[in-house]
Amino acid sequence: MDLNTLLPTISTFFIVLSATLVAFGWRLAVKRKLDQHQKVMLYAAVAAVLFFIIYASRTFIIGSTPYNGPDGLKPFYLVFLLFHIVLATVAAVFGISTIVLGYKKKFAKHRKFGRFTSIIWFITAITGVAVYSILYLLYPAADAKPLFEAIFG
C-alpha cells in the first residue's frame with residue numbers, strides 16, 4: 001500500500017473514530033456523566049484534528065485523488081462531494097464553537113449547538129466514508145493530482 005492509499009485510509013479512520021467518540025460522548029452527556037463526556041469529546045476533537053492534519057498534508061504535498069468512475073456519474077459525484085465539503089466546513093466551525101462554549105461553561109448554548117453539531121458531524125463522517133469508498137475502493141485512480149485538477153479534471 002503506497003502513501004496515495006495509506007494516508008486517505010488513516011485519515012478516514014480518524015474521522016470515523018471522531019464521529020464514534022462524539023456518539024459515545026453524547027450518550028455520556030445524556031446520562032449526566034459530564035466529566036467522562038468532556039474527556040471523550042476532547043478525544044473526538046483530537047481525532048478530528050488528526051484527520052485534518054493528515055488530509056491537508058496529503059492534499060497539499062501529494063495532491064488529491066481524481067474521480068475515476070464512469071463519466072455519466074461524475075456530475076452526481078461532484079454534487080455529492082460539494083455537499084460533503086460544505087457539511088465538513090460547517091461541522092468544523094460549529095465543532096470549534098461547541099467546544100469553546102463548553103469550556104466557557106455556557107452550557108445552555110453548548111447543548112443547543114452540540115445537538116446540531118453532532119448530527120452534522122455524523123452526516124459528514126458518513127459522506128466522507130462514501131467519498132473514500134468511491135475514490136479508493138470502487139473506482140481507484142492511479143495517481144494523485146493537484147487539487148483543482150483532481151476535482152475538475
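## Burial and overall build

Of the chain's 153 residues, 37% count as buried. The model is a predicted one. The chain holds five helices and zero strands. Read from the N terminus, its elements run α-α-α-α-α.

The C-alpha trace spans about 50 × 30 × 20 Å along its principal axes. Take the contacts between residues at least 6 apart in sequence: 75% of them join residues at least 24 apart.

## Helix α1 against helix α2

Two packed helices are described by the angle between their axes and the distance between the axes. For α1 and α2, the angle is about 160 degrees. Their axes lie 8 Å apart. Angles over 145 degrees count as roughly antiparallel, so α1 is roughly antiparallel to α2.

The crossing of α1 and α2 is left-handed. Sorted by class, the residues of this contact are 24 nonpolar, six polar and one charged.

## Helix α1 against helix α4

Helix α1 covers residues 3-30, and helix α4 covers residues 107-138. Their axes come within 10 Å and cross at roughly 155 degrees. The two helices are therefore roughly antiparallel to each other. Here α1 passes α4 in a left-handed crossing.

Which residues make the contact? From α1 they include Asn 4, Pro 8, Thr 12, Ile 15, Ser 18, Val 22 and Trp 26. From α4 they include Arg 115, Ile 119, Trp 121, Phe 122, Val 129 and Tyr 136. The contact divides into 14 nonpolar, five polar and one charged residues.

## The nonpolar cores

The largest nonpolar core has 17 residues. Phe 14 and Trp 121 have the most contacts inside this core. Which elements give two or more residues to it? They are α1, α2, α3 and α4.

Look at Trp 121 in detail. Leaving out residues up to four places away in sequence, Trp 121 touches Ile 15, Ser 18, Ala 19, Val 22, Ala 48, Ala 91 and Ala 92. Ile 15, Ser 18, Ala 19 and Val 22 are also among the α1 residues in the contact with α4.

Another core lies apart from the largest one. This other core has eight residues, among them Leu 81, Val 131, Leu 135 and Tyr 136. Tyr 136 also takes part in the contact of α4 with α1.

## Two loop residues with positive phi

Most residues other than glycine have a negative phi. Arg 32 is not a glycine, yet its phi is positive, about 65 degrees. Where does Arg 32 lie? Its place is the loop between α1 and α2, and α2 covers residues 34-61. Arg 32 has a relative accessible area of 54%. The cut-off for exposed is over 50%, so Arg 32 is exposed.

Lys 105 is not a glycine either, and its phi is positive at about 60 degrees. Lys 105 sits in the loop between α3, residues 74-103, and α4. Is Lys 105 buried or exposed? Lys 105 is exposed, with a relative accessible area of 61%.

## A residue of helix α2

Gln 36 is found in helix α2. Its relative accessibility is 43%, and therefore Gln 36 counts as partly exposed. How far apart are Gln 36 and Phe 24? In sequence, they are twelve residues apart. In space, they are 9.7 Å apart, C-alpha to C-alpha.

Methods: Residues are numbered from 1 along each chain as its sequence is written. This is a predicted model: local features need pLDDT of at least 70, side-chain atom pairs count only at pLDDT 80 or more; totals for chains, interfaces and linings use all residues. Side-chain values use heavy atoms; hydrogens and water are left out. Axes are lines fitted to C-alpha atoms, for helices over the stretch in contact, and angles run from 0 to 180 degrees between N-to-C directions. Helices (H or I, at least four residues) and strands (E, at least two) are DSSP runs, numbered from the N terminus. Angles under 35 degrees count as roughly parallel, over 145 as roughly antiparallel, 65 to 115 as roughly perpendicular and the rest as oblique. A crossing is left-handed if the near helix is turned anticlockwise from the far one by less than a right angle, and right-handed if clockwise. Contact means heavy atoms within 4.5 Å. Ala, Val, Leu, Ile, Met, Phe, Trp, Tyr, Cys and Pro count as nonpolar, Asp, Glu, Lys and Arg as charged, and the others, Gly among them, as polar. Buried means under 20% relative accessible area, exposed over 50%, partly exposed in between (1.4 Å probe, protein chains only). A nonpolar core is a set of buried Ala, Val, Leu, Ile, Met, Phe, Trp, Tyr and Cys residues joined through side-chain atoms within 4.5 Å.
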